[in-house]
Amino acid sequence: QVQLVESGGGLVQPGGSLRLSCAASGSTFSINTMGWYRQAPGKQRELVAVIPSSGTRNYADSVKGRFTISRDNAKNTVTLQMYSLKPEDTAVYYCKAVPYSRDRDYWGRGTQVTVSS
């Protein structure tokens, strides 16, 4: 089992920045890919950025050039640095971990990001 806890959400003005963090615990050795997803009111959950244990980061087109995902395998954390935030970035942001076995996904409870003046 893997437990994920997100932190760092909040209210920010358009153009501002936020940094989200996700701490993994439990069977962290089993984790391959970690990532961030988001869900806005009335919309489906969507991928924001993912980072495998080794390999290429992937970003949604809507956040390329503005968001950066990074990972510290020693600390079992994944971070999403968000710049130039827009109102359309407003959503609940969820951390996700996918084990090497790919037999299930693990999700955090989410953290609210609100971009508003």
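This is a predicted model: local features need pLDDT of at least 70, side-chain atom pairs count only at pLDDT 80 or more; totals for chains, interfaces and linings use all residues.
S84 is not a glycine, and yet its phi is positive, at about 45°.

Let me now step back to the chain as a whole. Its secondary structure consists of 11 strands and zero helices, so the pattern along the sequence is simply β-β-β-β-β-β-β-β-β-β-β. How does the radius of gyration of the protein chain agree with that of a compact globule? For 117 residues such a globule would have a radius near 13 Å, and the protein chain has 14 Å, which agrees. If you take the principal axes, the C-alpha atoms fill a box of roughly 40 × 25 × 25 Å.

Of the 117 residues, 42% are buried. The chain exposes about 6,400 Å², and carbon and sulfur atoms supply 46% of that area. When we consider contacts between residues at least 6 apart in sequence, 53% of them join residues that are at least 24 apart. Turning to charge, there are 14 positive and 8 negative charges in the chain, and their mean positions are 2 Å apart.

Next comes the disulfide, of which a search of the whole structure finds one. Which residues form this disulfide? The partners are C22 and C95, with their sulfur atoms 2.1 Å apart. Because C22 lies in strand β3 and C95 in strand β9, which covers residues 91-99, the pair ties together parts that are 73 residues apart in sequence. The link of C22 and C95 is left-handed, with -80° about the S-S bond, and both of these cysteines are buried.

From there I would like to go to S30, which is found in the loop between β3, residues 18-26, and β4, residues 31-39. Is S30 buried or exposed? Its relative accessible area is 18%, and because buried means under 20%, S30 falls into that class. Leaving aside residues up to four places away in sequence, S30 touches V2, V98, P99 and Y100. S30 and S101 are 71 residues apart in sequence, while their C-alpha atoms are 7.7 Å apart in space.

Two more residues will complete the tour. T79 lies in strand β8, residues 77-82, and is buried, with a relative accessible area of 9%. Again without residues up to four places away in sequence, the residues that T79 touches are R19, L20, S21, W36, T68, I69 and S70.

Finally, D72 is found in strand β7, which spans residues 67-72. This aspartate counts as partly exposed, at 27% relative accessibility. D72 and I31 are 41 residues apart in sequence, and from C-alpha to C-alpha they are 12 Å apart in space.

Methods:
Residues are numbered from 1 along each chain as its sequence is written. Side-chain values use heavy atoms; hydrogens and water are left out. Helices (H or I, at least four residues) and strands (E, at least two) are DSSP runs, numbered from the N terminus. The radius of gyration is taken over C-alpha atoms; the globule rule is 2.2 Å times the number of residues to the power 0.38. Buried means under 20% relative accessible area, exposed over 50%, partly exposed in between (1.4 Å probe, protein chains only). Contact means heavy atoms within 4.5 Å. Accessible areas come from the Shrake-Rupley method with a 1.4 Å probe; for residues, only the protein chains shown count as cover. Lys and Arg count as positive and Asp and Glu as negative; His and the chain ends are not counted. The place of a charge is taken as NZ of Lys, CZ of Arg, CG of Asp or CD of Glu. A disulfide is a pair of cysteine sulfur atoms within 2.5 Å.
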